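Q: I have a structure here that I have not looked at before. Can you walk me through it?

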Amino acid sequence: MTSSGLPVPAPTPRASPLRVVREIITAIGQGPLGFIDQAGRLALFCLSTLFWLPRRPFRWSQLFRHLRDVGFGSLFIVVLTGFFTGMVFGFQTLQGFRRFGAEALVGPATLLTLSRELGPVLTGLMVAGRSGSGMATELGTMRVTEQIDAMATLAVEPMQYLVVPRVLAATFMMPLLTAIFTGCGFLGCYLIGVGREGIDPGVFLYETWLATDPDDFYEGWIKGAFFGAQISLISSYEGFQASGGARGVGEAATRAVVLSSVSILVGTYVLAEMLDPLIHSYIHFDALPK
Amino acid sequence: MTTQPMAKPETTAVTSSRAERPPAIEIRGLRKRFGDREVLKGIDLVVQRGSILVILGGSGMGKSVLMKHIIGLLQPDAGQVIVDGEDISHMSALELKRVRRKFGMVFQQGALFDSMTNWENVAFPLREHRKDLKGQALDDKVRSLFELFSLKADIQGPRFPSELSGGQRKRVALARAVALEPEIVLYDEPTTGLDPITTDQVDEMILDAKKHLGITSVVISHDIASAFKIADHIIFVYEGEIVVAGLKKEMLASEHPFVKQFFATWASKNI
């Protein structure tokens, strides 16, 4: 104690080299360990969802509510972004193709890109931003206000009631939204190619018909279904992990969108590698006009 | 009421006339740690059927964590939680779902589902577990629960929990918790934020549930007057341990510094 009665601060212990090294190793190790911990928890969450998926009772009303939320709720933004993506893609592609006198191929180029990659990826990003954040926020709020615990105490399994319908709804709706995105994108490209640049509509559509194949669309829809499952599982998981009031819920929503978006961009490459040998086991260049 | 011989000082027991059946709740050596902090440090507790146990203690002392173990929302690091003769501490999710049918729980802030109306909140457990109740029968049952807790008709319609006062929300939560007529009801601070008249009604309701339905109640409370009124047994939890067990006399006679301060503060405010 000092003469004024205030406590004297304890002297700071001298940092020994061993202690410094240990702290550095601990700091380096915390990142990967945290990642492994989170990955493990997410994997268990996915397994738990699979466990409850086939069990009765089926929550039809919840499923329809989330089909509406994910599907109808994201429809406008998907139509809008799809349309403008197709327009800008068509516009830029035309600039390049014109150099080779291949303006007529802008239709198939756009449709192939949209149906196989841009459609599912951009639709996934839109759904992650809109529905994924909504899922994480709603479930996070339920977590911090103990509504999820309350549901469990009423002998209703929260995974079955809250997570399974969301995952099913997003998995079913994403292929549909991907198809709508692709359709709107192609329409946007058509307006640019035919309406603005004056390509003959018959040639534009005929070239597209020749160069595309149903398999191209299947790949996009399968990817869409995977992305739907990814978004809903990650967002639900983040919501279930939320803690600490409004701030915690906000952080959960941010993490849900970031992780979903990253997983879509990584997943699209992984899925392309996996699906290509399965779906595109042969190349359809023979269908192109000689 | 008699108290059984205690194996350890922390062990508490409340007897009932139906002693041949296993106790409603039995906890043995319960330990729980969150990170570096040990929240429960070996709790031993027996709650007999049809009795009311009140858990007192300061904030952050482990009372709510103890209650969440009783209903299987948390799993212990060590020890056992035995409900109606079944050890629930390591049960699967499916088994826990079955055991939880025996419980009702009232949360501190009500924990009403904010996406549902008040009527739907009370109807929720009935719709899930009483498939025989449909249409008018379901509506009649829900209305009778609203009346039981003196909830006026105007909050039953398409109004949501966010439109209710704190007291009304708590009463809707009580109605939902007892809708399935559970054997055990857990109350996490049921009277906090209620006016004295409603507090008294809640106390009477807990006593009525014991008297007429034989319901076992475990109540976390900061309301000492309520605790002394309704409890068959009281435990005082301090830093994850039961430091005093008994009734009003034992609580007020305790030499534990925190318990002494706790009751002295209460007494000074109630003179």
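This is a predicted model: local features need pLDDT of at least 70, side-chain atom pairs count only at pLDDT 80 or more; totals for chains, interfaces and linings use all residues.

A: One place to begin is chain B, where strand S3 (residues 52-57) pairs with strand S8 (residues 216-220) in the parallel sense over four bridges.

Q: Which residue in S8(B) is the bridge partner of B:Ile52?

A: B:Ser217 is the bridge partner of B:Ile52.

Q: How many bridges link S3(B) and S9(B)?

A: Five bridges link S3(B) to strand S9 (residues 233-238) of chain B, again in the parallel sense. B:Leu56 has B:Phe236 in S9(B) as its bridge partner.

Q: How many of the residues of S3(B) are buried?

A: Six of its six residues are buried. That holds for both faces: B:Ile52, B:Val54 and B:Leu56 lie on one side, and B:Leu53, B:Ile55 and B:Gly57 on the other. In a regular strand the side chains alternate between the two faces of the sheet.

Q: What about the core? Which residues touch the most other members?

A: The largest nonpolar core has 134 residues, and those touching the most other members are B:Val54, B:Ile55, B:Ala175, B:Leu186, B:Ile235 and B:Phe236. The largest share of this core comes from H5(A), with 17 residues.

Q: Take B:Leu186. What is it in contact with, leaving aside neighbours within four places in sequence?

A: B:Leu186 is in contact with B:Met67, B:Ile70, B:Ile71, B:Phe103, B:Met105 and B:Val218.

Q: Back to H5(A). How many residues does it have, and how far does it reach?

A: Helix H5 of chain A covers residues 158-196, which is 39 residues. From first C-alpha to last it reaches 53 Å, close to the 57 Å expected at 1.5 Å a residue.

Q: Where does it bend?

A: H5(A) bends by about 30° at A:Val164, and a proline, A:Pro165, follows within four residues. Just after the helix, A:Gly198 takes a positive phi of about 80°.

Q: Why is H5(A) called largely enclosed?

A: Because 28 of its 39 residues are buried, H5(A) is largely enclosed by the rest of the structure.

Q: Changing topic: what is the strand order in the open sheet of chain B?

A: The order is S2-S1-S4-S5, four strands with antiparallel pairing. Strands S2 (37-47) and S5 (86-87) of chain B stand at the edges with a single partner strand each, so one side of each has no neighbour in the sheet.

Q: And how many bridges join the pairs in it?

A: Strand S1 (residues 25-34) of chain B is joined to S2(B) by eight bridges and to S4(B) by five. Strand S4 (residues 78-83) of chain B pairs with S5(B) over two bridges.

Q: Which residues stand opposite each other?

A: B:Phe34 stands opposite B:Arg37 in S2(B), and B:Glu26 stands opposite B:Ile82 in S4(B). B:Ile82 also stands opposite B:Asp87 in S5(B).

Q: What sits between S1(B) and S2(B)?

A: The hairpin has two residues between the strands, and B:Gly35 in this hairpin takes a positive phi near 65°.

Q: Which residues other than glycine have a positive phi?

A: Among them are B:Ala111, with phi near 55°, and B:Glu189, with phi near 50°. B:Ala111 is in the loop between strand S6 (103-106) and helix H3 (118-129) of chain B, while B:Glu189 lies in the loop between strand S7 (184-188) and helix H6 (196-213) of chain B.

Q: Buried or exposed, those two?

A: B:Ala111 has 25 other C-beta atoms within 10 Å, so it is buried. B:Glu189 has 19, so it is partly exposed; the cut-off for buried is 20 or more.

Q: Last one: where is the cis peptide bond?

A: A cis peptide bond joins A:Arg56 and A:Pro57, with omega about -5°. A:Pro57 is in the loop between helix H1 (17-52) and helix H2 (60-98) of chain A.

Definitions and conventions
Residues are numbered from 1 along each chain as its sequence is written. Chains are lettered from A and ligands numbered from 1 in the order in which they are written. The expected span of a helix is 1.5 Å times one less than its number of residues. The bend at a residue is the angle between axes fitted to the seven residues ending there and the seven starting there. A residue is buried if 20 or more other C-beta atoms lie within 10 Å of its own, exposed if 12 or fewer, and partly exposed in between; C-beta atoms are placed from the backbone. Two strands pair if DSSP finds at least two bridges between them. A nonpolar core is a set of buried Ala, Val, Leu, Ile, Met, Phe, Trp, Tyr and Cys residues joined through C-beta atoms within 7 Å. Two residues are in contact if their C-beta atoms, placed from the backbone, lie within 7 Å.
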